[in-house]
Amino acid sequence: MYRNFKLINNVMFGRGCFEQLDDILDVRRKDSTSWMVFVTDDVFRNTSFEKRIPLKENDMLLWVNVDDEPKTSYVDRLTDQVRAFSDILPAGVIGIGGGSAMDLAKSVSLMLTNPGSSEKYQGWDLIRNPAVYHAAVPTLSGTGAEVSRTAVLTGPEKKLGLNSDYTVFDQVVLDPDLLQGVPRDQWFYTGMDCYIHCVESLEGTYLNQFSKSYAQKAIELCREVFFHEDPESDDKLMMASFFGGMSIAYSQVGACHALSYGLSYVLGTHHGIGCCIVFDYLDEFYPEHVNEFREMMKKNNIELPGNLVKGLDEEKIDTMVSVTLGLDPLWENCLGPNWKNIMTPDRAKSLFMRM
Ligand code: NAD
Ligand code: ZN
């Protein structure tokens, strides 16, 4: 069965284009009661950027904290706050920030029109009703959350996204100027998320020309960004993230993401750094790319933490292994349909024990 891939309706790109967000949203404001909610990373609170958010009198500025990556309980609380703000639904939900803030915005826009807790919808195509109009303004690039059909959430039982066609943003505003203040380490980790998306797509068994075309371009852009000083680095990374997301949308990620989900479920390790930690141990799967990744780390003076797993309770390590091995499509993409004979629990455990 071929998948009928849902795309974003509108995309704007260019330095300074954030100034046009107001015009974009104006079209959505039907009358004087229409209002917007800006789901904004609280890293921007009390900054000059805060004043540039095109907030109108009736609008809600909803600061979100992403010290922990998005949880279903947090999404439910935020949705309640938005509902309490007005008797009518907002005309739009605008996510401003990195992958976490964008995923929170996607989730809130879905939960405003779908009853119950967001944990009910962790999975594939469980969402029944279309979301409120939702737009993304990335301020950190690499995850591809701006194009994907998922909003990754950690729930009481699992870390799994709200995957649906309704999850896809209606509008994306790509303004490379907004990447300016990102701390260097974070810029690298999230950028490597994109690099790893491309590697796992290109080296996977699900590869097809659609995914390959996007991944090849994105990986080329990553090389330019992480090996060379370049005045257009932010523009390039923003497009790499977008293309990397397009690539995995029609293929799949692989071993690094599967293992990093296990690590993050048990230790709370954030996605970008978690992927970097894991990737450094994957010579047996992606030898050339792991070497290239190490060169990029060296070039950018990045050092990764070690000894995260040694000394953990056996029970926790077993949970890590079972979360990882529960991700069938990722392993199938990496190793083919007989992956269970290759990636045994013992092998997964021994990989974790080195991290
Ligand atoms: P993030 O959104 O968690 O942000 C990381 C840090 O950077 C935070 O402290 C944030 O406040 C800060 N930050 C963001 N923009 C900044 C800016 N311009 N200036 C200064 N600081 C800034 O990081 P991320 O790597 O973009 O996103 C990770 C999240 O994305 C995880 O929750 C992961 O599960 C999710 N994810 C989603 C998808 C998807 O398709 N939906 C794909 C991959 C990852
Ligand atoms: Zn990723």
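How many residue pairs are in polar contact between domain 1 and domain 2?

Reply: Some ground rules come before the tour. This is a predicted model, where local features need pLDDT of at least 70 and side-chain atom pairs count only at pLDDT 80 or more, while totals for chains, interfaces and linings use all residues. Residues are numbered from 1 along each chain as its sequence is written, chains are lettered from A and ligands numbered from 1 in the order in which they are written, and side-chain values use heavy atoms, with hydrogens and water left out.

Now to your count: nine residue pairs are in polar contact between domain 1 and domain 2, both residues being at pLDDT 80 or more. (A polar contact is a pair of N or O atoms within 3.5 Å; within protein, one must be able to donate a hydrogen and the other to accept it, and residues adjacent in sequence count only if both atoms are side-chain atoms.)

On the domain 1 side, the elements that give two or more residues to the meeting place are strand S1 (10–13) and strand S7 (152–154). (Strands are DSSP runs of E, at least two residues, and helices are runs of H or I, at least four, numbered from the N terminus.) By class, that side has eleven nonpolar, six polar and nine charged residues. (Ala, Val, Leu, Ile, Met, Phe, Trp, Tyr, Cys and Pro count as nonpolar, Asp, Glu, Lys and Arg as charged, and the others, Gly among them, as polar.)

There's also one salt bridge between the two domains. Asp235 forms a salt bridge with Arg15, and their closest N and O atoms are 2.7 Å apart. (The term asks for a side-chain nitrogen of Lys or Arg within 4 Å of a carboxyl oxygen of Asp or Glu.)

As for where the domains sit, domain 1 covers 10–179 and domain 2 covers 184–353, with bounds from an automatic or database domain assignment. Their C-alpha centres lie 25 Å apart. The contact takes 26 residues from domain 1 and 23 residues from domain 2, where contact means heavy atoms within 4.5 Å.

How big is the interface? Its size is often given as the accessible area lost when the parts come together. Here domain 1 and domain 2 bury about 2100 Å² between them, with 65% of it on carbon and sulfur atoms. (Buried area is the accessible area, with a 1.4 Å probe, that two parts lose on being put together, summed over both.) In domain 1, Ser141, Val147 and Lys159 lose the most area to domain 2, together 26% of what that side buries.
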